Each structure stands twice: as C-alpha cells, then as structure tokens.
Amino acid sequence: MKNWLILVAGTAVLALLPLSGDNYLLRLATIAAMYVVLAQSWNFIGGLAGYPSFATAGFFGLGAYTSAILMSMGVPLLISWAAAGLSAVLLSAFIGGAILHLRGHYFAIASLVTVEVLREVVNTTPDLTGGGMGLNLPIMRMSVAEHAMFFYYSMLALACACMACAIVVHKSKLGFGLRCIQQNEDAANILGINTYFYKTAGFAFSAVFAGIAGAIYASWVHYIEPPDVFDILLSVKPLVMVLLGGLGTIFGPVIGAFMLLALEEVVWRNFLTLHAAALGVVIVALVLFMPNGLLSVTREKFGFRAKKGSPEVKP
Amino acid sequence: MSALLSIDNVTRAFGGLRAVDGASFDVAPGEVLGLIGPNGAGKTTLINVITGVHPATSGKVVFDGRDITRMKSHQIAKMGLSRTFQIVQPFPKMTVLENVAAGALFGGQAANIADASAAAMEQLRFTGLAQVAHNPALSLTLAQRKRLEFAKGLAMKPRILMLDEVNAGLNSTEVEEALTMIRKVAESGVSIILIEHLLKVVLSVSNRIVVLHHGKLIAEGAPQAVLRDPAVVEAYLGAKYAARYGGVA
Amino acid sequence: MIYFQVLANGLILGGLYACVAVGFSLVWGVLNVINILHGTFVVLGAYIAYFGYVHLGIHPFLSIFIAGGLLYGIGYVIQAGLVNRVVAAPVLITLTLTFGLDLILNNSMIVAFSADYRQVNLANPLPALMLGPVFLPGDRVAAMILAFLLTALLWRVLRDSRIGRAIVAVRMDREAASLMGVDVGRINAVTFGIGALMAGAAGALLSIIYPISPITAPIYLGKAFIVCVIGGLGSVPGAMIGGLALGIVESFGAYWFGPEHALTLSFLLLLVLLFVRPGGILGKKGYE
C-alpha cells in the first residue's frame with residue numbers, strides 16, 4: 001500500500017546519508033529522526049485520541065535515566081534501551097490510570113505536572129541518578145565517524161519502527177476506536193468501545209518509542225541531567241510538529257518534524273539568544289493561522305476524497 | 001415467557017431530585033414498548049440508567065438474566081442493548097458509512113473493519129441512506145441524521161434497541177417511513193423501546209405502553225387502555241381536563 | 001510551639017499565593033483559557049517593582065499600582081489582539097498559543113534583564129513583630145495584608161460593579177450572557193487584563209521576598225495551578241482558600257521533609273487532587 005511504499009522508500013534513501021561523509025549533516029539527521037519519533041509518539045495520544053498530553057518529556061527522560069542507570073550497572077546496550085521502553089510503558093500505565101479519565105485542561109495539566117514531579121524526583125535522589133550533578137554514561141570505543149553512524153542508524157531504525165507502528169495502528173480497529181473517542185467520547189462508549197482500554201493503549205504507544213528515544217539520546221550524548229531530558233520543550237515541540245504537519249495523520253508528524261527542525265536551524269544561526277522567542281513566534285503564527293496543519297491545508301486545496309462506490313473506511 | 005429486560009424498582013436521584021422514582025417494568029423479546037410521558041418525566045434519564053450512562057441510585061436492571069445495574073456502558077452495548085440519542089450525535093469528521101461501521105465493529109462484533117463496512121452498507125440500504133454513504137455525516141438533513149442514528153443502533157446487532165424521540169422534527173411522511181422501519185425491525189425479533197411524544201405514533205406501532213410522570217410509572221398496558229387511563233390524561237392535560245372529559249376518545 | 005511558626009509562615013505565603021492565583025483562576029474560569037503567561041506576568045510585575053525601587057526609589061508596595069496598571073494594559077492588548085481569536089478552540093490550541101506567547105515574553109525578558117537573580121533589599125525595612133513565640137517579619141506581613149486587601153477588592157468589584165457582574169455572567173454561561181447584551185469579547189479582554197493586573201501586583205509584592213528572575217516564572221504558574229485545583233475555577237473565595245491551603249501544606253512540607261522537596265510535594269498534592277476531585281474542593285466536578 002501507498003503508506004508502506006513511502007516508508008520503505010524514504011528509509012532506504014535516508015539510510016544512504018552517511019555516504020555523504022558530512023558529520024554535521026548526520027548529526028542533524030539523527031535529531032530529525034528523534035523528532036519524528038517524538039512527534040509520531042505524541043500523535044497516538046494527542047492526534048488520534050485527542051488527549052493533549054504533555055507527558056512526552058516525562059517518557060523521554062525516564063527512558064534516558066533508566067537506560068543510563070542500567071548501563072552503569074553493566075547491563076548491555078540493547079537490553080538497556082529495551083528496558084527504557086518498558087519503563088516508559090509502565091509509567092504510562094501507572095499515570096494513565098490516574099489521569100486518563102480527566103478531560104481537556106485537567107488532563108493536560110496533570111500530564112505536564114507528571115514531568116515536573118519526575119524531574120524533581122530525579123533531582124532529589126542523587127545516590128541513584130546523580131541528582132542535579134547529572135549522570136555520565138560509559139564511553140563507547142568507536143571512532144568519531146563510526147559513533148555518528150551508529151547512533152544515526154539506531155535513531156533511524158527507531159523512527160522506522162515507530163512509523164510502521166503508526167501505519168498499522170491508524171488502519172486498525174484501535175486507530176478507528178481512538179478516532180471515535182476523539183470525535184465524541186460519549187457516543188464511543190455507548191457504541192461498545194472500551195474507552196479506558198483504548199486510551200491506555202494509545203498512551204502506552206505514545207510512551208514506548210519516546211522512552212527508547214530517550215535511551216538512545218542518553219547513550220549518544222554520554223551525559224544527561226534532569227533539566228536536559230525532562231525539558232518541557234520536549235513535550236511542546238512534538239505537539240507543535242504534529243500541529244504543523246497535520247493532527248491525526250500518518251505522515252503529518254514527519255513533515256512537521258522536518259519543518260520544525262529546519263526552522264530551528266535557521267533560527268539558531270540567526271537569533272541565538274532569542275531562539276526560544278523565535279520558536280514562540282512560530283508557535284503563535286501556527287496556532288492562529290494554520291491550526292489544522294499543513295497536510296489538511298493541502299487536502300482542502302487539492303481535494304483528496306474517498307472514491308465513490310468503495311466500501312472502504314478511510315482514516 | 002421470561003422478560004428480556006427487567007427494570008426493578010429503579011431510582012435515579014440527582015441530589016434531592018428523583019428523576020426516576022421506583023420504576024419497574026419488563027420488556028419481552030420482539031415486542032415494541034412505548035415509553036411515554038410529559039416533558040421532564042424522566043424517560044431519557046431512565047434510558048441513561050439502563051445503558052450505564054448514569055448509575056442507578058437504587059434498584060436493579062436485569063438483562064437476559066444478568067444483573068447489569070453496575071456495568072459500564074460499553075459492556076452493556078456489547079451485550080446487545082443499543083440506543084439512539086435525542087440530540088443526534090454522529091462522529092463529525094467521519095462519513096455516514098464510517099459512523100455506522102463503528103457501530104458494527106464495536107457493538108456488533110464484526111471481525112474487522114472490512115466486514116464492519118459491509119455490514120454497515122446493509123443497514124444503510126435498509127434505512128435508505130445508501131446513496132449518501134460516503135458523504136460527511138454533518139452534511140445530512142435532520143431526517144437523514146435520525147436515520148443514521150437508527151442505522152448505527154441496528155449495526156450493533158442489538159437484542160433491544162432504544163429509540164429516544166427518533167421522530168422529533170420529522171414531517172408526517174418521514175414519520176411513516178420511520179414507523180415502517182421500526183415494524184420491520186421488531187418483526188425480526190429485536191425488542192424496541194420507543195420514547196415518543198407523538199401519541200398517534202406510539203399508538204400505531206406499540207404492543208404495550210408504559211407511562212412515566214415525575215419519574216414514577218403511572219400506567220402500563222395495552223395502548224388504547226393506557227391512553228384512556230384518567231391518571232395518564234391528567235398527567236398530560238391536567239386535572240381539570242381529565243375531570244371534564246374523562247378518557248381520550 | 002514551632003508549629004505555630006510554621007503555620008504563620010504558611011499563612012503569610014498562602015495569602016500571597018492567593019493573590020498570585022486569583023487572576024489565573026479568573027481567566028481560566030471565564031475564558032476557559034489556561035494562561036501560561038501568568039507566571040511570566042508575575043515576574044514582570046516583580047521587575048517593575050525592582051527597577052522602580054532601585055532607580056526611582058519607589059517602594060515596591062506602591063509599585064503594585066504601577067505594575068498592576070502596566071500589566072492590565074499588556075494583558076488587555078494580548079487578549080484582544082491574539083487570544084480572543086482562539087477562545088472557543090479546544091485546549092490544545094489555547095494552551096499552545098499561550099505557551100508560545102510565553103516563550104516570546106519570557107525569552108525577551110531574559111535577553112533584556114538577564115537571567116541573573118535580582119533582589120529587592122529594602123533600605124528601611126519594617127520592624128519584625130513577635131506574636132508570642134512566633135516571629136513575623138514586618139514587611140512580609142505587610143505584603144500579605146496588601147495581597148489580601150487586593151484580592152478582597154477584586155471580590156467586591158466582581159460582586160458589586162457592572163463590569164464585575166458581567167464577568168461573572170460570562171463565567172456562568174457565555175452564550176446566555178451574550179444573548180443578554182454582554183459584549184463577550186470586551187469582557188474577555190477585561191478579564192484577561194485583570195488577571196494580568198493581579199499577577200503584576202502580586203509580583204510587586206513578592207519582589208521583597210523572593211529573588212527575581214524570568215526562570216522562576218514556571219514556579220508561580222505551578223502554584224497558580226494548584227490553587228485552582230484546590231479552590232475551583234473563577235472563584236475568589238476559592239482562590240483564597242486554595243492559596244492558604246497551599247501555603248500551609250508547603251510550609252509544613254518544608255518543615256518535615258526539607259525545603260528542597262516542597263515543590264515536589266505540592267505537585268504530588270496536585271496530582272492526587274486531580275485524581276480525586278478535579279473540580280477542586282469547592283468547585284464543580286471535572287469541568288473541562
């Protein structure tokens with residue numbers, strides 16, 4: 001199908017990037033892949049289910065710390081990364097139980113506060129996490145070029161897995177159910193959708209890839225500290241990316257991720273001290289003028305509609 | 001014949017106000033039960049209690065031998081109770097077909113989305129909406145939206161379908177069409193609880209009628225008999241009218 | 001005995017928290033907008049008081065009016081110009097918009113004033129009082145009293161003035177108020193302005209207690225959240241009770257677990273409250 005072709009082709013092209021020999025480009029591309037993961041993750045709960053979660057930074061940070069702590073105890077890399085994903089899922093189940101029955105503003109705040117609490121917990125348990133002094137990760141014995149390639153491919157593989165998951169979910173019963181919940185949760189309940197279960201699943205999907213991304217990030221940069229990985233911007237930027245690209249679509253998060261990264265690069269070069277303000281301007285402009293994102297604007301303009309006569313349910 | 005649905009002394013109180021007060025009645029398989037009463041009598045609240053939207057303050061609801069009083073809405077839906085809403089609530093960003101397919105998939109136990117879509121098309125043909133299947137749900141007229149609700153409810157393959165004011169706002173031709181569909185559904189063995197204002201409609205299609213007034217059940221029985229019951233007349237038209245004219249002709 | 005001191009500290013702080021939060025609560029209740037800018041407004045008020053004192057010798061208590069006035073204007077313009085466009089939009093949109101605006105304002109303040117902490121050191125501080133075993137720093141008590149008076153004044157305005165009644169009407173039912181002839185757009189702007197005013201005034205008062213820097217903005221915002229969840233939305237008495245409750249919880253929490261945990265404890269309290277009673281102890285249930 002169209003989506004799978006795009007994913008495979010895109011990944012194949014991107015996999016050739018290291019041949020360019022440009023380490024800076026590779027670094028940018030690694031961040032791009034990470035942004036895709038975070039944006040697509042948020043899309044499961046925020047775009048599909050319509051629950052505006054600000055917990056992404058919490059999953060990312062928890063994954064980073066879980067992996068870092070495990071690795072400092074000698075656990076092999078890949079297992080640590082996998083455990084990071086698992087810890088994020090467990091957190092989502094735990095927090096989800098408490099906050100997924102809240103709607104609108106209260107859910108948003110509760111998810112945001114979760115990040116704050118996590119950060120403070122890490123700050124105040126220095127024996128385990130290094131607290132405010134941060135945590136060092138074991139250095140990997142590789143050349144600079146190998147290092148860049150290894151982490152690029154790791155992040156790319158994660159992004160690919162996340163996208164594949166998104167394609168499957170969006171077309172599945174789960175995706176359909178989440179969309180129903182987003183459009184009318186009361187009607188969804190009456191129809192037979194176990195909304196609590198579906199929302200929890202969506203929340204878990206939003207956690208697992210973000211958690212692993214945190215773990216890969218930690219290994220990549222070798223040093224993490226609480227304000228770095230529990231940064232609220234890590235919750236807001238994925239949201240903005242999805243808004244940019246198109247809420248609830250499959251490739252919207254990808255487009256949005258690339259667009260925001262491009263904007264950030266431009267801003268960083270030109271407005272270093274004011275780059276947060278510049279990001280703010282982007283966000284304000286986006287919300288006021290293009291709240292449905294780029295993909296829906298193009299859909300309206302070019303009229304993508306379901307073909308008449310086909311009994312298929314289109315996402 | 002044992003009842004399919006049994007409402008047993010159900011009360012639903014909001015603070016001091018008893019919206020439903022000790023209501024008890026049964027619904028048999030395949031029957032059409034009219035649920036009538038003046039505005040504010042508690043009809044929709046009763047449906048909300050049955051379908052788990054509001055918990056009952058006291059009393060029991062038994063469906064097919066199982067106590068569903070404390071069950072969640074989605075579980076009740078899967079067991080075979082479906083309902084329509086008085087103010088129609090489609091999924092706004094989906095097409096007509098997708099709306100009905102949702103009913104088939106989640107309530108009607110369709111195996112997958114493709115099967116659900118096929119089942120949905122059947123219901124759309126039955127309710128005369130097949131030609132607008134791919135239109136956005138929001139583009140329908142009121143009469144069409146009522147039929148969409150109906151089709152959705154049917155797609156859930158219910159054993160009892162509760163229709164809440166499904167005829168409100170329709171002209172007489174549209175009402176006739178709706179009644180024909182309701183009769184056909186009842187003939188296929190599905191029980192129907194019909195909440196209605198229009199007495200003519202209720203008379204023409206119900207096997208039995210129950211009357212609610214201030215949350216209490218004040219009459220139950222065959223349609224003509226119930227409508228002549230002085231208590232019923234008084235509830236609708238006031239004590240003076242009932243005293244002067246006796247029952248409805 | 002020490003508990004009295006802890007309690008007194010809590011009440012003093014609580015009174016200030018109520019003033020910080022009441023504007024935020026009003027905006028949330030009336031416009032259904034969570035104003036992420038609120039914390040930054042507080043800090044801006046504190047800077048106005050600081051610069052007023054350091055450069056012009058104006059006592060921070062007098063700066064309440066200056067900060068309040070300036071921030072009212074800023075708030076009104078921001079709402080009328082930008083926020084009003086999305087007032088009816090879902091949470092995602094309004095929250096993101098105020099977040100973006102906050103990024104702009106906060107970052108600009110860091111560039112303009114630097115992130116270094118400033119402190120207002122009063123040349124002539126009020127003498128401390130001793131109430132039995134309890135030590136009450138004069139200026140802090142004065143600040144708390146002023147905060148309380150300001151909040152009470154807001155309550156009077158909401159109850160007795162025409163514009164106040166209109167604001168309450170919009171909070172209860174926007175459509176009905178509009179049908180009654182209330183200019184909802186203007187009320188939105190006025191309410192937002194009042195929210196900013198209260199934040200600025202609170203900031204001016206807080207300038208004599210806490211160090212000032214744009215990076216402390218999220219802390220004030222967080223406290224405002226908690227007060228709202230405890231006390232309910234759009235209610236001045238609720239904000240007062242919520243503020244006092246938070247002040248007391250923080251004070252005792254700091255005493256028992258150490259001040260570095262006070263923030264975490266407050267947030268945990270918030271999560272517990274959201275789980276148990278999202279509408280606040282005084283407010284409606286689970287209001288979106």
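Two strands count as paired here if DSSP finds at least two bridges between them. The model is predicted.

First, the sheet with mixed pairing. In chain B, 6 strands form an open sheet, and the order across it is β6-β7-β8-β3-β9-β10. The edge strands are β6, residues 81-83, and β10, residues 216-221, each of which pairs on one side only. On average, and ignoring direction, neighbouring strands in this sheet are turned by 20° against each other.

Strand β3 of chain B covers residues 32-36, and strand β9 of chain B covers residues 208-213. The two run parallel, joined by 4 bridges.

Strand β1 of chain B, residues 5-14, is joined to β2(B) by 7 bridges, and the two run antiparallel. One position to look at is B:Val10, whose bridge partner in β2(B) is B:Ala23.

Now chain B as a whole. DSSP assigns 10 helices and 10 strands to chain B. A compact globule of 249 residues would have a radius of gyration near 18 Å, and chain B agrees with that, at 18 Å. Along the principal axes, the C-alpha atoms of chain B fill a box of roughly 60 × 40 × 35 Å. Of its 249 residues, 47% count as buried. Taking contacts in chain B between residues at least 6 apart in sequence, 63% join residues at least 24 apart.

Chain A, on the same items. It has 15 helices and 2 strands. For 315 residues the compact globule would come out near 20 Å in radius of gyration, and the 19 Å of chain A agrees. The box filled by the C-alpha atoms of chain A, along the principal axes, is roughly 60 × 45 × 40 Å. Buried residues make up 54% of the 315 in chain A. Among contacts in chain A between residues at least 6 apart in sequence, 77% join residues at least 24 apart.

On to the chains together. Which of the 2 pairs of chains in contact share the most contacts? That is chains A and C. Chains B and C have no contact joining them, and their closest C-alpha atoms lie 14 Å apart.

The contact between chains B and A takes 26 residues from chain B and 19 residues from chain A. On the chain B side, α2 (73-79), α3 (96-107) and α4 (113-126) each supply at least two residues. α3(B) gives the most to that side, with 8 residues. By class, the side of chain B that touches chain A has 13 nonpolar, 9 polar and 4 charged residues.

For the contact between chains A and C, 33 residues come from chain A and 33 residues from chain C. The elements of chain A that give two or more residues to this side are α4 (77-99), α5 (104-123), α12 (233-245) and α14 (275-289). Which of them gives the most to the side of chain A that touches chain C? α5(A) does, with 11 residues. The residues of that side divide into 25 nonpolar, 5 polar and 3 charged.

Last, confidence. The predictor gives the complex an ipTM of 0.87 and a pTM of 0.87. Chain C has a mean pLDDT of 86, with 96% of its residues at 70 or more. Where in chain C does pLDDT stay under 50? Over residues 284-288, for which the model has 12 contacts beyond four places in sequence.

Terms used:
Residues are numbered from 1 along each chain as its sequence is written. Chains are lettered from A and ligands numbered from 1 in the order in which they are written. This is a predicted model: local features need pLDDT of at least 70, side-chain atom pairs count only at pLDDT 80 or more; totals for chains, interfaces and linings use all residues. Axes are lines fitted to C-alpha atoms, for helices over the stretch in contact, and angles run from 0 to 180 degrees between N-to-C directions. Two residues are in contact if their C-beta atoms, placed from the backbone, lie within 7 Å. Ala, Val, Leu, Ile, Met, Phe, Trp, Tyr, Cys and Pro count as nonpolar, Asp, Glu, Lys and Arg as charged, and the others, Gly among them, as polar. The radius of gyration is taken over C-alpha atoms; the globule rule is 2.2 Å times the number of residues to the power 0.38. A residue is buried if 20 or more other C-beta atoms lie within 10 Å of its own, exposed if 12 or fewer, and partly exposed in between; C-beta atoms are placed from the backbone. pLDDT is the predictor's confidence in each residue, from 0 to 100.
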